Protein chains: 2
Amino acid sequence: MSTASATAAPRAGRPREFNLDAALDRAIVLFSERGYHAASISDLTEAMGVAAGSLYKAFKDKKAIFLASFDRYKQVRMELLEAEIAQGRTGRDKLHRTVAFYAQAAQGEMGRRGCLVIGTASELAINDPDAAERVCRSHARSEARLVELLREGQADGSIRTHIEPLVTAKTLLCLMHGMRVMGKTGLDPGQADKMVGAAMKLLD
Amino acid sequence: MSTASATAAPRAGRPREFNLDAALDRAIVLFSERGYHAASISDLTEAMGVAAGSLYKAFKDKKAIFLASFDRYKQVRMELLEAEIAQGRTGRDKLHRTVAFYAQAAQGEMGRRGCLVIGTASELAINDPDAAERVCRSHARSEARLVELLREGQADGSIRTHIEPLVTAKTLLCLMHGMRVMGKTGLDPGQADKMVGAAMKLLD
DNA sequence: CCTATTCGGAAATGGTCGTTCCCAAATAGG
DNA sequence: CCTATTTGGGAACGACCATTTCCGAATAGG
């Protein structure tokens, strides 16, 4: 139903020979590593394994490819995070897993590749309303989830009630985004794990 | 002595009619708002008030303009931050001022403009060694300053001795960079100030 | 004052960009 | 089986990019 889910059967015509989501996954890597402007259509056709003509039949223009990549990136990462959160017992545990999830992503190859949300915020937010809106919605959802987990922790007794969920959620979100920024130039895995522990002080 | 300090008197020839630092200040705004690739030479000549030919007499190429802008940005911001830190009494106070300095920068017009270091990390770090090195050095210096202030606080009794300066410094730096990321899409001033308070929990 | 040197600025250049066009190939419906 | 429709893919397109060139103007040294 969304941009890249189960392909609604076409009424007629030659069927598409490439998988849209698989192609977008490769576009995500390219856009994450180089940013929007430095990733040319040539680069995209090569990385996605799709000729320019075919690309423009699947997407209106380059920006549409980017926005579809962004949406898929968000969807995939969100599902992974929620699977991780689901394994947590208490609100505090779930928050710990959330921070650790970002710390993990900030390391190694994925860390150097960078977060597409942050890249979009940096490169496009100020000039492109469509990109800005998606970044805002991403931030809002992340913040809302953190607030929810904080309240859950306060309800189950794993987090004291005197902390302010909204401010703490915003602070945690900043910390997690900052880890992704640092990951672009390499983050020491050992230190990253310790930072997760330090971050949990915000819940005291 | 550096890229854009006191202009060493030229031996002969027509003197430069524009001020290098003032022109770089305008380039900084452009690069911060649009990023490296989206800021064209046309944009730069217009913003800097210098024709293309003259620009290429002052700088080897576009990347040199960018790196000079980056260096000046770092210098200016660093001086402002150190002036702010100098007003602090204790180590804890100085750290509070440091976090507040970033929180302030993340708000309003400057927040939407973004941090050139973070923009460079996002857009160029993975593909351009020169840019990556500067980002790394910037992070290292920021971290070193935080470690220094933490140790100062531990020495003057404003910060307890059981915290680990290195991990705490890294965590604070992530938090401050995260605030700048959030500032690209707008950060509520009231909440930003509260986040500074929340961040200080990392020192307990 | 004359010459070497540098700057200012507009025009020119080659390359690459995003996008479109075109035609052969592949499907669905009648 | 024929037609309408869609895709694949390469060639073609105009626009804009970073950079260079060129020439008049402005300075310093001799």
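How much area do chain A and chain B bury between them? About 3700 Å², with 71% of it on carbon and sulfur atoms. Keep in mind throughout that this is a predicted model.

**Stop 1**

Followed along the sequence, the pattern reads α-α-α-α-α-α-α-α-α-α. Chain A has 204 residues, and 53% of them count as buried.

**Stop 2: the interface**

Bring chain B back. Select the residues that take part in the contact: 42 come from chain A and 42 from chain B. Next, look for polar contacts across the interface of chain A and chain B. Eight residue pairs qualify, both partners being at pLDDT 80 or more. Which elements of chain A give two or more residues to the side that touches chain B? They are H1, helix H6 (108-113), helix H7 (116-123), helix H8 (129-156), H9 and helix H10 (189-199). Highlight H9(A) among these: twelve residues come from it, the largest share of the side of chain A that touches chain B.

Salt bridges come next. Two are found across the interface of chain A and chain B. To see a salt bridge between the chains, select Glu164(B) and Lys194(A), whose side chains meet at 3.7 Å, N to O.

**Stop 3: His177(A)**

Stay with helix H9 of chain A, residues 165-183, and pick His177(A) within it. Is His177(A) buried or exposed? His177(A) is buried, with a relative accessible area of 3%. Show its neighbours, leaving out residues up to four places away in sequence. Within chain A, His177(A) touches Tyr102(A), Ile118(A) and His139(A). From chain B, Gly178(B), Val181(B) and Met182(B) also touch His177(A).

**Stop 4: the aromatic pairs**

Show every Phe, Tyr and Trp side chain. How many aromatic pairs does a search of the whole structure find? Eight, over all chains. Zoom to Phe31(A) and Phe66(A). Their ring centres are 4.9 Å apart and their planes stand at 85 degrees, so this pair is edge-to-face. Phe31(A) lies in helix H1 (residues 20-34) and Phe66(A) in helix H4 (residues 62-86), so the pair ties together parts of chain A that are 35 residues apart in sequence. Both Phe31(A) and Phe66(A) are buried.

Jump to chain B and select Phe31(B) with Tyr36(B). Here the ring centres are 6.1 Å apart and the planes are at 15 degrees, so the pair is stacked. Phe31(B) is buried, at a relative accessible area of 2%. Tyr36(B) is buried as well, at 12%.

Phe31(A), Tyr36(A) and Phe66(A) form one aromatic cluster.

**Stop 5: a lysine over a ring**

Where does the charged end of Lys62(A) sit? Over the ring of Tyr36(A), 4.4 Å from its centre. Then select Lys62(B) and Tyr36(B). The charged end of Lys62(B) sits over the ring of Tyr36(B), 4.5 Å from its centre.

Key. Residues are numbered from 1 along each chain as its sequence is written. Chains are lettered from A and ligands numbered from 1 in the order in which they are written. This is a predicted model: local features need pLDDT of at least 70, side-chain atom pairs count only at pLDDT 80 or more; totals for chains, interfaces and linings use all residues. Side-chain values use heavy atoms; hydrogens and water are left out. Helices (H or I, at least four residues) and strands (E, at least two) are DSSP runs, numbered from the N terminus. Buried means under 20% relative accessible area, exposed over 50%, partly exposed in between (1.4 Å probe, protein chains only). Contact means heavy atoms within 4.5 Å. Rings of Phe, Tyr and Trp (its six-membered ring) pair if their centres lie within 6.5 Å; planes under 30 degrees apart count as stacked, over 60 as edge-to-face and the rest as tilted. A charge sits over a ring if NZ of Lys or CZ of Arg is within 6 Å of the ring centre and within 35 degrees of the ring normal. Buried area is the accessible area (1.4 Å probe) that two parts lose on being put together, summed over both. A salt bridge is a side-chain nitrogen of Lys or Arg within 4 Å of a carboxyl oxygen of Asp or Glu. A polar contact is a pair of N or O atoms within 3.5 Å; within protein, one must be able to donate a hydrogen and the other to accept it, and residues adjacent in sequence count only if both atoms are side-chain atoms.
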